Amino acid sequence: FISADLAQGSRNYEQAASYLEIILAEHKTYKKYADACFLAAYIYDTYLEEVNHGGDRAKQLYQFIITNYPLTSYAEQAKVLTNYVGIPDSTMIKDIINKGGK
């Protein structure tokens with residue numbers, strides 16, 4: 001998880017996603033599993049949307065969070081963000097403001 005964080009910090013998003021995918025595939029009992037899911041979804045959505053079907057992977061992970069961690073703040077965020085995968089951030093922000101942040 002720390003390696004993914006460092007890779008993201010150095011803007012090596014593909015490497016960060018790769019580290020997180022290892023956690024998701026091989027360490028399902030890891031205490032920060034939900035964190036890894038959300039961070040991976042965020043990286044795919046924000047930085048890798050057009051690389052190797054990153055937008056599709058972001059949607060999969062957001063849905064996984066909604067289904068498996070429904071009572072977390074991650075699930076609430078994922079419910080919003082899944083609707084905006086593939087849409088420019090500026091459009092998302094305007095839409096959220098117009099809805100009153102709800």
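Accessible areas here come from the Shrake-Rupley method with a 1.4 Å probe, and for residues only the protein chains shown count as cover. On that basis, the protein chain exposes about 6,500 Å² of accessible surface, with 52% of it belonging to carbon and sulfur atoms.

The structure is a predicted model, in which local features need a pLDDT of at least 70 and side-chain atom pairs count only at pLDDT 80 or more, while totals for chains, interfaces and linings use all residues. Residues are numbered from 1 along each chain as its sequence is written, and side-chain values use heavy atoms, with hydrogens and water left out. As for pLDDT, the predictor's confidence in each residue on a scale from 0 to 100, the protein chain averages 90, and 97% of the residues score at least 70.

The fold is simple to write down: six helices and zero strands, giving α-α-α-α-α-α along the sequence. The radius of gyration of the protein chain is 14 Å, close to the 13 Å from the globule rule for 102 residues, so the chain is as compact as a globular protein of that length. (Helices are DSSP runs of H or I with at least four residues, strands are E runs of at least two, and both are numbered from the N terminus; the radius is taken over C-alpha atoms, and the globule rule is 2.2 Å times the number of residues to the power 0.38.) Along the principal axes, the C-alpha atoms fill a box of roughly 40 × 30 × 20 Å.

Buried residues (under 20% relative accessible area, with exposed over 50% and partly exposed in between, 1.4 Å probe, protein chains only) make up 33% of the 102 residues. Counting contacts as heavy atoms within 4.5 Å, residues 24 or more positions apart account for 44% of those with a separation of 6 or more.

Two residues give a local view. Gln8, in helix α1 (residues 2–9), is buried at a relative accessible area of 17%. Leaving aside residues up to four places away in sequence, Gln8 touches Tyr13, Ala16, Leu39, Tyr42, Ile43 and Tyr47. Lys32 sits in the loop between α2 and α3 (33–46) and counts as partly exposed, at 33% relative accessibility. From Lys32 to Ile97 there are 65 residues in sequence and 31 Å in space, C-alpha to C-alpha.
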